[in-house]
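Subject: Structure handover

Hello,

Here is the structure for you to look through. Please open it next to this email. My notes follow below.

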Amino acid sequence: MKKISLTNQILLASAIGLVAGAIVGPVIAPIKVVGDVFLRLIQMGVPVIIFGAVAEAVGNINPKDLGRMGFKIFAWFLIPTLLAAALGLGLGYLVKPGTGLPEMQLNDNIQPVEQTMTTIILNFFPTNIVDSMAKGSMIQVIVYALFFGASSSLYAAETGDNRIVDTLKVINKVVLGVVKIVMHMAPLGVFCLMAWVSGSLGLAVVIPLAKYLITIIVAVAIIMLVCILFTAAYCQVNPVKLASKLTDMSLVAFVTTSSAISLPTKMADSVNKLGVSDRINGMVNPLGMVLNSTGQAVFLSIAAVTIAQFFNIQMPLGQMVQIVVLATLACMGTLAVPGGALVILAGLLPSLGLPLEGLAIIAGVDWFRGMFTTIPNVAGDALVSMIIAKDEGEFYREVFDGTMTAEEAAAAHAK
């Protein structure tokens with residue numbers, strides 16, 4: 001099994017589980033307990049993971065270095081992520097990818113809670129962060145992490161003491177190490193859960209999964225089209241030419257499903273093809289790997305709606321708003337581990353009143369989902385760097401047009 005990647009192991013386990021459940025039928029149901037153990041192991045560290053990731057991301061932003069640009073960078077990454085989450089929510093309700101299954105009564109105890117807008121706003125803010133983490137109130141954990149990260153950044157800037165941020169980095173690595181250990185159990189857990197699902201429902205689950213993937217692909221296509229057209233208009237360049245210059249980084253993102261692995265290609269192309277200065281490139285693109293997750297936001301919102309539809313759970317307007325906000329804020333902490341998006345989703349589902357069992361249904365196609373949703377994460381960073389370079393007077397049109405190299409353009413603009 002060591003010769004087979006974890007992703008392929010999960011895919012294989014999903015397929016075998018589907019077939020095994022369909023053959024054996026409802027009597028395979030007791031196998032679900034193994035899958036439930038796997039889901040609990042994933043869920044147990046999620047509040048710590050998200051707190052650490054968000055606090056570290058914000059803590060690494062030096063207020064002295066960024067100043068005005070810090071707010072600008074944050075806004076340019078936050079707004080598209082928020083819109084992507086809202087788009088995913090809208091497409092989820094339009095396409096209804098989770099419908100078409102026999103009615104699933106897998107968790108009768110979970111019901112959506114009617115909330116007023118005042119309650120929703122108040123619930124953003126914790127009264128006790130320890131209690132919030134114990135209850136898995138992820139939006140409260142994220143809000144506190146934002147304040148903690150900002151305070152850490154200010155403290156480091158004032159004193160030159162980076163121990164807090166450095167400690168956060170170490171803790172995050174250890175906690176992510178726990179996730180990596182747990183993820184080794186993923187093939188077995190997914191096999192058991194998929195066998196249970198298909199044993200209960202048969203192979204009817206395949207059609208909603210195909211609709212779910214198609215919904216995500218359509219959402220990614222819309223995001224990329226809008227982002228390219230907006231950036232082209234903002235920077236006054238040809239949109240077709242701009243799209244062609246994003247090809248290499250997008251291909252690397254598609255094949256590897258990793259923003260981290262795509263970073264070198266993205267940074268090189270931003271300077272040598274898009275005409276972004278070295279200064280803006282070095283500041284924006286690495287930050288974008290953490291702050292910009294438009295693809296992940298659209299996945300989280302579509303997945304939440306799909307799972308609600310699997311279980312025929314009706315969500316009021318308050319919960320829809322909560323999905324968009326949670327999906328947006330949770331994406332600030334990108335998990336650099338296999339199945340990282342699924343780990344974040346596992347933390348959000350209880351906050352939304354949705355059953356964790358739905359996670360297993362979509363896990364089997366998560367690798368294919370990742371191929372598409374990584375593209376706007378990576379290409380979106382490069383487009384934002386281009387926009388900010390234009391704002392700061394450091395967009396080298398000569399490089400974009402191919403009439404100068406990046407070095408030549410930098411020397412010419414320095415004069």
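Helices here are DSSP runs of H or I with at least four residues, strands are runs of E with at least two, and both are numbered from the N terminus. Asn285, for instance, is found in helix H15 (residues 278–291).

Some ground rules come next. This is a predicted model, where local features need pLDDT of at least 70, side-chain atom pairs count only at pLDDT 80 or more, and totals for chains, interfaces and linings use all residues. Residues are numbered from 1 along each chain as its sequence is written, and side-chain values use heavy atoms, with hydrogens and water left out.

**Overview**

The protein has 22 helices and zero strands. It has 415 residues, and 53% of them count as buried. Buried means under 20% relative accessible area, exposed means over 50%, and partly exposed is in between (1.4 Å probe, protein chains only). Contact means heavy atoms within 4.5 Å. Take the contacts between residues at least 6 apart in sequence: 83% of these join residues at least 24 apart.

**Confidence**

pLDDT is the predictor's confidence in each residue, from 0 to 100. The protein averages 80, and 85% of the residues score at least 70. Which elements have the lowest and the highest mean pLDDT? Helix H4 (residues 63–66) has the lowest, at 62, and helix H12 (residues 239–245) has the highest, at 94. Two stretches need care. Residues 105–116 have a pLDDT below 50, with 18 contacts in the model beyond near neighbours in sequence. Residues 334–338 are also below 50, with 13 such contacts.

First, how the angles work. Axes are lines fitted to C-alpha atoms, for helices over the stretch in contact, and angles run from 0 to 180 degrees between N-to-C directions. Under 35 degrees counts as roughly parallel, over 145 as roughly antiparallel, 65 to 115 as roughly perpendicular, and the rest as oblique. For residue classes, Ala, Val, Leu, Ile, Met, Phe, Trp, Tyr, Cys and Pro are nonpolar, Asp, Glu, Lys and Arg are charged, and the others, Gly among them, are polar.

Start with H11 (residues 206–235) and H16 (residues 294–310). Their axes come within 10 Å and cross at roughly 150°. That makes H11 roughly antiparallel to H16. Among the residues that meet are Tyr212, Ile216 and Ala219 in H11, and Val298, Phe299 and Ile302 in H16. The contact has ten nonpolar, three polar and no charged residues.

Next, H11 and H20. They pack at about 10°, with their axes 10 Å apart. They are therefore roughly parallel to each other. This contact has 20 nonpolar, two polar and three charged residues.

Last, H16 and H20. Their angle is about 135°, and their axes are 6 Å apart. That makes H16 oblique to H20. Thr294, Gly295, Gln296, Val298 and Phe299 in H16 meet Asp366, Arg369, Thr373, Pro376 and Asn377 in H20. By class, there are three nonpolar, five polar and two charged residues.

**Two buried residues**

Thr373 lies in helix H20 (residues 366–391). Is Thr373 buried or exposed? Thr373 is buried, because its relative accessible area is 2%. Leaving out residues up to four places away in sequence, Thr373 touches Ile216, Val220, Gly295, Gln296, Val298 and Phe299. Ser293 is 80 residues away from Thr373 in sequence, yet their C-alpha atoms are 8.7 Å apart.

Back to Asn285. It is buried too, with a relative accessible area of 0%. Its contacts, with residues up to four places away not counted, include Leu263, Met267, Asp381 and Ser385. Asn285 and Pro264 are 21 residues apart along the chain, and 9.7 Å separates their C-alpha atoms.

**Two positive phi values**

Most residues other than glycine have a negative phi. Lys96 has a positive phi of about 55° although it is not a glycine. Lys96 sits in the loop between helix H5 (68–95) and helix H6 (117–122). Lys96 is partly exposed, at 39% relative accessible area.

Asn312 also has a positive phi, near 55°. Asn312 is in the loop between H16 and helix H17 (317–330). Its relative accessibility is 46%, so Asn312 counts as partly exposed.

Best wishes
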